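I opened this notebook to keep track of what I looked up in one model, in the order in which I looked. The entries go from conventions to the fold, and from there to single residues and the ligand.

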Amino acid sequence: MSIHHAGWRIFRRHGELVIDCEWPLLLIVVGLRPLIRSKTEMQPTGSTFAIVNQKGGVGKTTTAVNLSAALALLGHRILLIDLDPQGNSTSGVGASKGAGLGSMYDVLIGADPMFHVIRPSPVPRLDLAPSDVRLAGAEVELVPAIARENKLKKALKRIRDMYDVLVIDCPPSLGLLTVNALTAADGCLIPMQCEYYALEGLSALMTSIELIRRHLNPGLRISGVLLTMVDPRLKLCEQVAEEVKRHFGHQVFETAIPRSVRLAEAPSHGQPIFAYAADSRGAEAYLSLAHEVIGRIGLEPRWMERGLVGVAGPLATAAATPSEDGGDQTDG
Ligand SMILES: Nc1ncnc2c1ncn2[C@@H]1O[C@H](COP(=O)(O)OP(=O)(O)OP(=O)(O)O)[C@@H](O)[C@H]1O
Ligand SMILES: [Mg+2]
């Protein structure tokens, strides 16, 4: 496509919009460039992932926080939705819980629209829809509600297109909150701790996913299974990884998250791993996972297009050059 006019020409080259014009007009074009760029950038896809496993402590929240931060570092616009009453994702990105502001509880009971509760996080391009402890009561309060499984899906409708990826951190149960997450999601990402009982309870999770697919969300896919807290020195870990791969085949992400002291410490500082220990193996692993995720959903890393604008020093370094382990330790 190209448009010609006296003294100027607009055409597309390698997918980029090029404006070729005379000197006085060039000044105006340069002034308008940010506006033109934002109009011609890729449209957000609104891909929604639920991080789900009804087993407790398998790395759902660690994955939700650090995958969201990694995707934001790669230049994507991300919304992290904390649907767990424990609110660990909320504090994990440095936001305060229940500070008198709206939360996902208000959204689910229909008191507030999503855009009233969404707040920016300290990570550029990462927004947060926080949880608070009242969310625990939502499951009970929603029981008599009509279409109670669709509350989240409906709430996300108007804001979904503002983000490239939405990540939902689920609680450790298959109750109404998780059902809402799976009904709203395009795909689920299942973290599995590399331990002897990793596959225990999996049939209940698969049954829930199948039921939701059949009755509420036919498009729901398993976007990937993620091995977490992997210690390559342990033979048991290797055996569990092999068994999970036998069960899920290509659905298992090539990236495995190592057991890492830095990853365990970061939440107590209210920081994603890229701010707390950007040169750790945990940071490297979550960045690699982010690349796999965007590859699976067909997104291009935006940072090539925009540069790492607004990204703090250590965060930018991690995104640009994932490095070797810098003093990180693996638990014994
Ligand atoms: N790769 C890792 N290496 C070391 N510790 C980890 C790792 N991933 C998570 N942890 C730690 O394990 C604990 C459980 O992790 P996390 O909170 O992410 O699990 P969860 O599945 O969200 O738990 P819950 O079911 O209670 O919500 C946390 O203390 C976390 O810091
Ligand atoms: Mg959690």
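The entries below start with conventions and overall counts.

**Conventions.** I am working on a predicted model, in which local features need pLDDT of at least 70 and side-chain atom pairs count only at pLDDT 80 or more, while totals for chains, interfaces and linings use all residues. I number residues from 1 along each chain as its sequence is written, with chains lettered from A and ligands numbered from 1 in the order in which they are written.

**Overall.** I looked up the secondary structure and found 15 helices and 10 strands in the protein; helices here are DSSP runs of H or I with at least four residues, strands are runs of E with at least two, and both are numbered from the N terminus. Of the 332 residues in the protein, 42% are buried, where buried means that 20 or more other C-beta atoms lie within 10 Å of the residue's own, exposed means 12 or fewer, and partly exposed is in between, with C-beta atoms placed from the backbone. I then took contacts, that is, pairs of residues whose C-beta atoms, placed from the backbone, lie within 7 Å. Among contacts between residues at least 6 apart in sequence, 76% join residues at least 24 apart.

In what order do the 7 strands of the open sheet run? I read the order as 6-7-5-8-4-9-10, with mixed pairing, two strands being paired if DSSP finds at least two bridges between them. Strand 6 and strand 10 (221-228) are the edge strands, each pairing on one side only.

I followed strand 7 (residues 126-129) in more detail: Leu126 and Leu128 point one way, Asp127 and Ala129 point the other way, and all are buried. In a regular strand the side chains alternate between the two faces of the sheet. Strand 7 pairs with strand 5 (residues 78-82) in the parallel sense over 4 bridges, and Ile81 stands opposite Ala129. With strand 6 (residues 119-120), strand 7 runs antiparallel and is joined by 2 bridges, Pro120 standing opposite Asp127. The hairpin of strand 6 and strand 7 has 5 residues between the strands, and in that hairpin I noted Arg125 with a positive phi near 70°.

Strand 5 also pairs with strand 8 (residues 165-169), in the parallel sense over 5 bridges, and the bridge partner of Leu79 in strand 8 is Leu166.

Leaving aside neighbours within four places in sequence, Ala181 is in contact with Ala50, Val52, Leu83, Leu152, Ile168 and Cys170.

Is Phe49 buried or exposed? Phe49 lies in strand 4 (residues 47-51) and counts as buried because it has 25 C-beta neighbours inside 10 Å. Beyond four places in sequence, its contacts include Val165, Val167, Ile168 and Ser223. Phe49 and Ala181 are 132 residues apart along the chain, yet their C-alpha atoms are separated by 8.4 Å.

Tyr197, in the loop between strand 9 (187-193) and helix 9 (202-215), counts as exposed because it has 9 C-beta neighbours inside 10 Å. I also noted that Tyr197 and Val240, 43 residues apart in sequence, are 8.7 Å apart from C-alpha to C-alpha.

**Ligand 1 and helix 2.** I counted as near the ligand any residue whose C-beta atom, placed from the backbone, lies within 6 Å of it. There are 19 residues around ligand 1, and the closest are Lys60, Thr61, Thr62, Pro172 and Ala264. Helix 2 (60-73) and helix 11 (261-265) each supply at least two residues of the shell, and helix 2 gives the most, with 3 residues.

For helix 2 itself, I found 14 of its 14 residues buried, and just after the helix Gly75 takes a positive phi of about 100°.

Note on methods:
Contact = placed C-beta atoms within 7 Å.
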